[in-house]
Amino acid sequence: MTDSDQLYVVTAFRTDDGTLAYLKADRSWSASLQEAAPVTETDRDILIAQKSALPEQPVVCDPYAFKVTVQDGTIEPLSARERIRATGTPTFPIRRPD
């Protein structure tokens, strides 16, 4: 895959509850990575600029993009950080205090 073929997903944090949000094709936000719309590098930059503008601020904050692949219709983040964020799985066991 060349850099021009690289796909990205735009993500941000919801301002009402701090949860993750992924940008969908209709430019609304979803909590599901699989509902996100993978975009090219050019579209990534345009969308981040648009979603950082004031009208979006009440909905989300701090939008950014991360690299993904799409295999058999499934979006897969390329970084471990984004895989962990998408699944919500802790990276270490959580012990109860008792």
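Asp72 is exposed, with a relative accessible area of 84%. Exposed here means over 50% relative accessible area, buried under 20%, and partly exposed in between, with a 1.4 Å probe and protein chains only. Asp72 is not a glycine, yet has a positive phi of about 55°. The residue is found in the loop between β4 and β5 (74–77). Strands are DSSP runs of E with at least two residues, helices are runs of H or I with at least four residues, and both are numbered from the N terminus.

The model is predicted: local features need pLDDT of at least 70, side-chain atom pairs count only at pLDDT 80 or more, and totals for chains, interfaces and linings use all residues. Residues are numbered from 1 along each chain as its sequence is written, and side-chain values use heavy atoms, with hydrogens and water left out.

Arg27 lies in the loop between β2 and β3 (29–30). Arg27 is partly exposed, at a relative accessible area of 35%.

The chain contains two helices and five strands. Along the sequence, their order is β-β-β-α-β-β-α.

Strand pairing was assigned where DSSP finds at least two bridges between two strands. Strand β1 (residues 7–14) pairs with β4 (residues 60–71) through seven bridges. These two strands run antiparallel. Within this pairing, Val10 has Ala65 of β4 as its bridge partner. Strand β1 also pairs with β2 (residues 20–23), here through three bridges. This arrangement is antiparallel too. Ala12 stands opposite Ala21 in β2. Five residues separate β1 from β2, and the two strands form a hairpin. Gly18, in the turn, has a positive phi of about 75°. In a regular strand, side chains alternate between the two faces of the sheet.

Values for the whole chain complete the description. The chain has 98 residues, and 31% of them are buried. Contacts were defined as heavy atoms within 4.5 Å. Of the contacts with a separation of 6 or more, 54% join residues 24 or more positions apart. The chain exposes about 6,300 Å². Carbon and sulfur atoms supply 54% of that area. Accessible areas come from the Shrake-Rupley method with a 1.4 Å probe; for residues, only the protein chains shown count as cover.
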